[in-house]
Amino acid sequence: MRENKLRKVLAEKHITVGAFMDFPSADLVEFTAWVGFDWILIDAEHVGISVETCYNLVRAADAAGIASIVRVPDISAETILAYADSGVDGVIGPHVRDAADARALVAALRFAPLGVRGASAGSRAANFGITQSPRDYFGAVETHPVAMALLEDIEAYDGDLEATGQVEGLDVFCLGKMDLSISAGVPGDLGHEAVQSRLHKAADVAQRHGKVLNEAVGDRASIERAVRLGSRMLMGSVQSLIGQAGQSFIETVADVGKAKYP
């Protein structure tokens, strides 16, 4: 039976660290595992990663022993099914605005009678049907993908967020801070009260209903703010990390070079 590595790491560690994979590279997936990240996020919404590419990135993550998450393009059952059968450990549904959306996300990841996910006992997620019976696979909910709702629209926060928090089977609130700032009329100002007050509301709901908080972070201040909020899944962009390290290296070379060639 396949083990869900994301559920395992969330059970073992209070704060986990993920890498947002801006570049669809299997080598980079392996590299992030060796660096020490707990999980990777494959972006099929903005980066445009196909189902086939997702399969290969999940395969690389499995080989490297790191958990994998995919943000799907939409929360339709048909779209989610294609990515879920890759064997990915978690699925982020974008633009979850209310409890109905959250229930649709969960249902798309669960087999009947708990949901509407199409049954395939021979999928990659089921180890091609070799390691367990169909009955065992379909009933092993703990091995199925973690359901993660991306709250990025003002409607998600200003509507009945309490009802969303009560959705059974929904595991994680993903805080979409940038989109929320745009939706709230303060584009890019993540520290604005219009953004922060809503994030704290989501954190309160998550704590009451046992949902894990996930968010993107960058500098130390954003990490400290996220930890104070109660976020347990913190992620950094591989693109940003490489860019920052590269710029720092270039600046260091330039500074040292000035000593010889002023």
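Predicted model: local features only at pLDDT ≥ 70, side-chain atom pairs only at ≥ 80, totals over all residues.
**View 1. Salt bridges across the model.** The count comes to 16 salt bridges. Side chains of opposite charge can pair when their charged atoms come close. The views below take up some of these pairs.

**View 2. Arg71 pairs with Asp43.** The two side chains meet in a salt bridge, 2.9 Å from N to O. Arg71 sits in strand 3 (residues 67–71) and Asp43 in strand 2 (residues 39–43), so the contact ties together parts 28 residues apart in sequence. Arg71 and Asp43 are both buried.

**View 3. Asp171 pairs with Arg7.** The closest N and O atoms of this salt bridge are 3.8 Å apart. Distant parts of the chain are linked here: Asp171 belongs to the loop between helix 8 (161–165) and strand 6 (172–175), while Arg7 belongs to helix 1 (residues 5–12), 164 residues apart. Arg7 counts as partly exposed because its relative accessibility is 23%.

**View 4. Arg110 pairs with Asp171.** Asp171 also forms a salt bridge with Arg110, with the closest N and O atoms 4.0 Å apart. Arg110 lies in the loop between helix 5 (99–109) and helix 6 (134–139), and Asp171 in the loop between helix 8 and strand 6, so the pair ties together parts that are 61 residues apart in sequence. Relative accessibility at Arg110 is 5%, so Arg110 counts as buried; the cut-off for buried is under 20%.

**View 5. A network of salt bridges.** Five residues are linked here: Arg2, Lys5, Asp62, Asp89 and Arg124.

Notes:
Residues numbered from 1 in each chain as written. Heavy atoms only, no water. Helix = DSSP H or I, 4+ residues; strand = E, 2+ residues; numbered from the N terminus. Buried < 20%, exposed > 50% of the residue type's maximum accessible area, 1.4 Å probe, protein only.
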